[in-house]
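Here is a short briefing on one protein model. Look at the sequence and structure first, then work through the points by topic.

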Amino acid sequence: MPKKNAKAQKSNELDGAEFFAAIDLIEKEKGIPKAYMLEKITQALVSAYKRDHEGAGDNVSVEADEEKGTVRMFVKKDVVEVVDNPCTEMSLQMAREKIPHAQLGDVIRIEVRTRDFGRIAAQTARQVIIQGMREAERGMIYDEFSSKEHEILTGVVTRVDPRSGAVSLRIGSGSEATEAFLAPGEQVKGEEYVEGMRLRVYVVEVRRSTKGPQVLISRTHPGLVKRLFEMEVPEIYDGTVEVKSIAREAGSRTKLAVWSADADVDPIGACVGPRGQRVNNIVEELKGEKVDIIKWSEDPAQYIAAALSPADVISVTVCEEGKSCRVVVPDDQLSLAIGKEGQNARLAAKLTGWKIDIKPASAPMEEGADEEEDVIVEDEA
């Protein structure tokens with residue numbers, strides 16, 4: 001009969017060998033470091049003891065010895081004449097029952113026996129292992145995706161909300177996969193998404209949350225175009241050609257300003273590629289979005305004139321105050337410079353950061369003359 005009771009009691013206690021075996025298995029299968037789990041479990045065991053023993057403080061510690069296969073808890077107590085707090089103090093008489101040579105002022109370390117500690121330890125360890133695994137997995141997923149901020153990832157559409165149009169994507173693989181949310185405002189107008197389709201997205205930001213990492217993605221961000229050019233153009237990837245600025249109206253047109261410190265390298269030619277192959281691949285990925293590649297210049301006048309491409313520019317007069325300029329174009333180029341619904345001029349202003357006043361060549365140039373024909377565009381960002 002005593003043997004049965006001993007077995008029953010033991011089943012409620014923390015088995016050290018089983019405990020360390022479980023930690024090893026978690027490390028192998030989930031990739032969660034053993035040290036991380038041990039730290040979480042020992043912290044939880046101390047907290048559990050403190051909950052059941054009001055008054056206990058920093059005098060409680062847990063020692064986990066993998067070699068011996070033991071998990072033990074100890075409480076330090078001061079030897080005093082009068083005990084005010086039994087959780088941190090003990091009388092001289094009680095101290096001498098444990099250590100015959102104990103003296104007043106000594107600090108004695110007492111092991112909390114498994115009869116009191118084992119059941120709490122076993123339950124707490126199980127709870128913490130489950131909770132710790134979840135937290136660690138979330139942490140690993142966060143670390144995995146936070147390192148991919150401002151990168152392009154490929155996801156699979158798992159759901160399209162019929163009411164809001166919001167799209168959920170599964171990105172990553174295996175245990176490090178997570179759900180990402182493509183909000184309607186981050187979708188390109190006219191693009192259609194269906195469940196099961198593979199989609200390239202730009203990772204704008206990764207945030208921590210109680211339900212795991214939130215991966216914010218976009219199809220409209222200018223960074224998507226920049227990364228696509230880095231993937232297609234080796235000269236951009238290795239730094240020979242530099243992307244100085246991007247202005248984008250997703251689904252319609254993008255303007256890209258590029259430059260190279262190497263006089264022997266044509267930055268525009270590098271981006272266009274042999275027979276236009278490189279830029280065509282990017283346009284295809286962007287579902288037909290037009291891409292204007294212009295050469296960046298330190299000279300604002302040259303830069304602004306190039307930014308208004310494909311329109312020809314007669315002259316650019318720069319007014320440094322307020323970063324504004326007056327651009328004169330041939331009469332037959334005015335509508336081309338402005339673009340449909342002002343798009344070309346608007347993108348040029350975004351690209352350069354300058355307020356652009358477009359004027360036809362036939363308009364009067366005298367100061368104070370009628371300016372009704374002027375078209376003034378500035379960066380709306």
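**Strand pairing and the barrel**

Strands E5 (residues 152–160) and E6 (residues 167–171) run antiparallel and are joined by 5 bridges. Keep in mind that this is a predicted model. The protein has 12 helices and 16 strands in its secondary structure.

- Val-157 sits opposite Leu-169 in E6.
- H6 packs on the sheet and touches both E5 and strand E8 (198–207). The direction of H6 makes about 120 degrees with that of E8.
- What order do the strands of the closed barrel follow? The barrel has 5 strands and runs E5-E6-E7-E9-E8. Its pairing is mixed.
- From one strand to the next, the twist averages 50 degrees.
- Strand E7 (residues 178–182) runs parallel to E9, and 2 bridges join them. Phe-181 stands opposite Leu-216 in E9.
- E8 and E9 run antiparallel, with 5 bridges between them. Here Arg-207 faces Gln-214 in E9 as its opposite residue.

**Salt bridges**

- Side chains of opposite charge can pair when their charged atoms come close.
- The model holds 19 salt bridges.
- Glu-63 and Arg-109 form one of them, with the closest N and O atoms 2.5 Å apart. Glu-63 belongs to strand E1 (residues 60–65) and Arg-109 to strand E4 (residues 107–112), so this pair ties together parts 46 residues apart in sequence.
- Are these two side chains buried, exposed or partly exposed? Glu-63 is partly exposed, at 36% relative accessibility. Arg-109 is also partly exposed, at 43%.
- Glu-285 meets Arg-219 in a salt bridge of 3.3 Å, N to O. Glu-285 lies in helix H9 (residues 277–285), while Arg-219 lies in the loop between strand E9 (214–218) and helix H6 (222–232), so the pair links parts 66 residues apart in sequence.
- Glu-285 is partly exposed, with a relative accessible area of 22%. Arg-219 has a relative accessibility of 1% and counts as buried, because the cut-off for buried is under 20%.
- This pair belongs to a network of salt bridges that links Glu-191, Arg-200, Arg-219 and Glu-285.
- Asp-292 and Arg-253 meet in a salt bridge of 2.7 Å, N to O. Asp-292 is in strand E12 (residues 290–295) and Arg-253 in strand E11 (residues 253–260), so the pair ties together parts 39 residues apart in sequence.
- Asp-292 is buried, with a relative accessible area of 14%. Arg-253 is buried too, at 17% relative accessibility.

**Nonpolar cores**

- The largest nonpolar core has 25 residues. Those with the most contacts inside it are Ile-304, Cys-325, Val-327, Leu-351, Ile-356 and Ile-358.
- Helix H10 (300–307), strand E14 (324–329), helix H11 (334–338), H12 and strand E15 (355–360) each supply at least two residues of this core.
- Which element gives the largest share of this core? H12 does, with 5 residues.
- Leaving aside residues up to four places away in sequence, Cys-325 touches Ile-304, Val-316, Thr-317, Val-318, Cys-319, Trp-354, Lys-355, Ile-356 and Asp-357.
- A second, separate core has 20 residues. Among them are Val-243, Leu-256, Val-258 and Ala-270.

**Helix H12**

- Why is helix H12 (residues 343–352) largely enclosed by the rest of the structure? Of its 10 residues, 9 are buried, so the rest of the structure largely encloses H12.
- The buried residues are Gln-343, Asn-344, Ala-345, Arg-346, Leu-347, Ala-348, Ala-349, Leu-351 and Thr-352.
- Gly-353 follows H12 and has a positive phi, near 80 degrees.

**Whole-protein figures**

- The protein has 381 residues, and 41% of them count as buried.
- Take the contacts between residues at least 6 apart in sequence: 57% of these join residues at least 24 apart.
- The protein exposes about 22000 Å², and carbon and sulfur atoms supply 47% of that area.

Methods:
Residues are numbered from 1 along each chain as its sequence is written. This is a predicted model: local features need pLDDT of at least 70, side-chain atom pairs count only at pLDDT 80 or more; totals for chains, interfaces and linings use all residues. Side-chain values use heavy atoms; hydrogens and water are left out. A salt bridge is a side-chain nitrogen of Lys or Arg within 4 Å of a carboxyl oxygen of Asp or Glu. Helices (H or I, at least four residues) and strands (E, at least two) are DSSP runs, numbered from the N terminus. Buried means under 20% relative accessible area, exposed over 50%, partly exposed in between (1.4 Å probe, protein chains only). Two strands pair if DSSP finds at least two bridges between them. Axes are lines fitted to C-alpha atoms, for helices over the stretch in contact, and angles run from 0 to 180 degrees between N-to-C directions. Contact means heavy atoms within 4.5 Å. Accessible areas come from the Shrake-Rupley method with a 1.4 Å probe; for residues, only the protein chains shown count as cover. A nonpolar core is a set of buried Ala, Val, Leu, Ile, Met, Phe, Trp, Tyr and Cys residues joined through side-chain atoms within 4.5 Å.
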